[in-house]
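Colleague: Could you walk me through this one before I set anything up?

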Amino acid sequence: MITLSALLVSCSAMAVANLQSNVNKISELNDRSLNNTLAIYPFFILDCYEPGCDPCQRMNATLVELSLGLGGQAGFGKINAKENNRTAETYNITSYPTLLIFQNKTLVEKAVGFGSKSMIVGKLRRLKPDLNTSLVMPV
């Protein structure tokens, strides 16, 4: 007989394995999954977007490129801030896109509006100097 605790541990382990196996992918998150995801990654970049927003789509493309180039050194996620009110309220998301950067589950940087790849890489390097960004941006 499987206990509820064993089932929860099993589900959590599967979620962690799923996220870790997709290090080069931006995970779609929601209000319920955000805290668990932040607990997995010591350095995490979250794209808060609105569907149909052109700057949001460009930001997503930039973050996909960064996630591939950083090779698992950081976690990447995106959240539809229009549908996930708790996250939008918690982090005062009122414009799109908004980029949130977390270190050890703590918000350390918030950038509103589309950011170029070089601007984002600059922020990441400042926050985490040991980050190897050579595959995404020349030194």
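This is a predicted model: local features need pLDDT of at least 70, side-chain atom pairs count only at pLDDT 80 or more; totals for chains, interfaces and linings use all residues.

Colleague: Fine. Which residues have the most contacts inside the largest nonpolar core?

Modeller: That core has 19 residues, and those with the most contacts inside it are Phe43, Ile45, Leu63, Leu66, Phe76, Ile120 and Leu124. The elements giving two or more residues to this core are the strands β2 (43-49) and β4 (98-103) together with the helices α3 (54-70) and α5 (117-127). Apart from it lies another core, this one of 14 residues, with Leu34, Tyr41, Ala81 and Tyr91 among them.

Colleague: And Phe76, what does that touch?

Modeller: Leaving out residues up to four places away in sequence, Phe76 touches Lys25, Ile26 and Ser27, then Phe44 and Ile45, and finally Leu63, Leu66, Ser67 and Leu70.

Colleague: Let's look at α3, then. How many residues does α3 have, and what span does it reach?

Modeller: There are 17 residues in α3, and from its first C-alpha to its last the helix reaches 24 Å, which is close to the 24 Å expected at 1.5 Å a residue.

Colleague: Which of the residues in α3 are buried?

Modeller: The buried ones are Cys56, Met59, Thr62, Leu63, Leu66, Ser67, Gly69 and Leu70. These residues cover an arc of only 160 degrees around the axis, so they lie on the same side of α3. As background, an α-helix has 3.6 residues a turn, so residues three or four places apart point the same way.

Colleague: What covers the buried residues of α3?

Modeller: The cover includes the strands β2, β3 (75-80) and β4, and also the helix α5. After α3 comes Gly71, whose phi is positive, near 50 degrees.

Colleague: Switching to cysteines, how many disulfides does the count come to?

Modeller: The count comes to 1 disulfide, and the pair that forms it is Cys53 and Cys56, with sulfur atoms 2.5 Å apart. The torsion about the S-S bond of Cys53 and Cys56 is about 75 degrees, so the disulfide is right-handed.

Colleague: Are Cys53 and Cys56 buried or exposed?

Modeller: Cys53 counts as buried at 11% relative accessibility, and Cys56 is buried too, with a relative accessible area of 3%. Cys48, by contrast, is in no disulfide, the nearest cysteine sulfur being that of Cys56 at 9.5 Å. With a relative accessibility of 0%, Cys48 also counts as buried.

Colleague: Now the loops: where does Asn84 lie?

Modeller: Asn84 lies in the loop between β3 and α4 (85-90). Its relative accessible area is 8%, so Asn84 is buried. The side chain of Asn84 reaches the backbone oxygen of Asn80 at 2.8 Å, and, leaving aside neighbours within four places in sequence, Asn84 is in contact with Leu29, Asn30, Asp31 and Ile79.

Colleague: Which value does phi take at Asn92, and which at Lys105?

Modeller: At Asn92 phi is positive, near 50 degrees, and at Lys105 phi is positive as well, near 70 degrees. Asn92 is found in the loop between α4 and β4, whereas Lys105 sits in the loop between β4 and β5 (106-112). Asn92 is exposed, with a relative accessible area of 52%, and Lys105 likewise counts as exposed at 52% relative accessibility.

Colleague: Last one, what does Ala111 touch?

Modeller: Ala111, which lies in strand β5, touches Pro97, Thr98, Leu99 and Lys123 when residues up to four places away in sequence are not counted. Ala111 and Lys123 are 12 residues apart in sequence and 9.5 Å apart in space, taken from C-alpha to C-alpha. With 10% relative accessibility, Ala111 counts as buried.

Methods
Residues are numbered from 1 along each chain as its sequence is written. Side-chain values use heavy atoms; hydrogens and water are left out. A nonpolar core is a set of buried Ala, Val, Leu, Ile, Met, Phe, Trp, Tyr and Cys residues joined through side-chain atoms within 4.5 Å. Buried means under 20% relative accessible area, exposed over 50%, partly exposed in between (1.4 Å probe, protein chains only). Helices (H or I, at least four residues) and strands (E, at least two) are DSSP runs, numbered from the N terminus. Contact means heavy atoms within 4.5 Å. The expected span of a helix is 1.5 Å times one less than its number of residues. The arc is that of the directions from the helix axis to the C-beta atoms. A polar contact is a pair of N or O atoms within 3.5 Å; within protein, one must be able to donate a hydrogen and the other to accept it, and residues adjacent in sequence count only if both atoms are side-chain atoms. A disulfide is a pair of cysteine sulfur atoms within 2.5 Å.
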